[in-house]
Amino acid sequence: MADEEEIILAELPDDELVLQMMDDLYDGLKEEIEDAVNILLDRGWTPYDILTKSLVAGMTVVGNDFRDGILFVPEVLLAAQAMKAGMAILKPLLVETGAPKMGKMVIGTVKGDIHDIGKNLVGMMMEGAGFEIIDLGINNPAEDYIAALEREGADILGMSALLTTTMPYMKTVIDQLTQMGKRGDYIVLVGGAPLNEEFGRAIGADAYCKDAAVAVETAKAMMARRHNQVAG
């Protein structure tokens, strides 16, 4: 609509600006997200609050609508790129302010599989929730996962597969960790369209996560349990 009034982000009060950011994120408007992040920083917001209350909240809506078939892959990717643009501004500041780190996760698509949309979404949602993410990309053999887990001192391994033919490779990775006596060192989460809870249990994963929102909740709960065990 040509006669629609242009929204001036800097003139919006904080609560309206946050709602506008969620809309802009949903629409994949990268520059608007960058502007809004800077406006909130100028207004004295902590990087962690900007991250959780606008970007993570916005990506949760995107993730849910993707799951429910309201949004499709191209739109989700645009939203993800807008989120990344906001994160690029916040990341160094989060490190400086020592924002709460939930844990460290190595994530990647398994050997033989080159699908990465779901994995990317999980990685970004996890990052948004305060986890440090080491994304290995696609087509990962067991040794790459294991080397990254050891090198990074990670807490969580996330494996993704979209093909029924590549799903069983997840068991190969878990079996290798078990043979090395290291299975207990890591929380193993698996996901991807053809998987289900039964499959996750059968291969010895800690949990099957049906979408990015579930992955975040599961990882948080399992990390909290692990901290309690250590403390106890």
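Contact here means heavy atoms within 4.5 Å, and the views below are all taken from a predicted model.

**View 1. Helix α2 packs against helix α3.** In this predicted model, I33, V37, L40 and L41 in α2 meet P47, I50 and L55 in α3. By class, this contact of α2 with α3 holds seven nonpolar residues, with no polar and no charged ones. Helix α2 spans residues 30-42 and helix α3 residues 47-67, and the two pack at an angle of about 135° with their axes 10 Å apart. The helices α2 and α3 are therefore oblique to each other, and their crossing is right-handed.

**View 2. Helix α1 meets helix α3.** Helix α1 covers residues 14-26, and its axis and that of α3 come within 9 Å and cross at roughly 40°. The two helices, α1 and α3, are therefore oblique to each other, and the crossing of α1 and α3 is right-handed. On the α1 side the contact is made by V18, M21, M22, L25 and Y26, whereas the residues that they meet in α3 include I50, S54, L55, M59, V62 and D65. The residues of this contact of α1 with α3 divide into 11 nonpolar, two polar and two charged.

**View 3. Helix α2 lies alongside helix α4.** Helix α4 is formed by residues 73-97, and α2 and α4 pack at an angle of about 30° with their axes 7 Å apart. Because angles under 35 degrees count as roughly parallel, α2 and α4 are described as roughly parallel to each other; their crossing is right-handed. From α2, the residues K30, I33, E34, V37, N38 and L41 meet Q81, A82, A85, G86, I89, L90 and L93 in α4. The contact of α2 with α4 divides into eight nonpolar, three polar and two charged residues.

**View 4. The buried face of helix α6.** Helix α6 runs over residues 142-152, and its buried residues are A142, Y145, I146, A148 and L149. Seen down the axis of α6, these buried residues fall within an arc of 160°, so they line one face of the helix. The elements that cover the buried residues of α6 include β1 (103-109), β3 (156-160) and α7 (169-179). Just after α6, G153 takes a positive phi of about 60°.

View 5. N139 lies in the loop between β2 (131-135) and α6. Most residues other than glycine have a negative phi. In N139, which is a residue other than glycine, phi is positive, with a value near 60°. At 38% relative accessibility, N139 counts as partly exposed.

View 6. Because buried means under 20% relative accessible area, S160, at 14% relative accessibility, counts as buried. Not counting residues up to four places away in sequence, S160 touches G108, T109, V110, K119, M170 and G191.

Notes
Residues numbered from 1 in each chain as written. Predicted model: local features only at pLDDT ≥ 70, side-chain atom pairs only at ≥ 80, totals over all residues. Heavy atoms only, no water. Buried < 20%, exposed > 50% of the residue type's maximum accessible area, 1.4 Å probe, protein only. Helix = DSSP H or I, 4+ residues; strand = E, 2+ residues; numbered from the N terminus. Arc of directions from axis to C-beta. Axes fitted to C-alpha atoms, helices over the stretch in contact; angles between N-to-C directions. Parallel < 35°, antiparallel > 145°, perpendicular 65-115°, else oblique. Left-handed = near helix turned anticlockwise from the far one by under 90°. Nonpolar A, V, L, I, M, F, W, Y, C, P; charged D, E, K, R; others polar.
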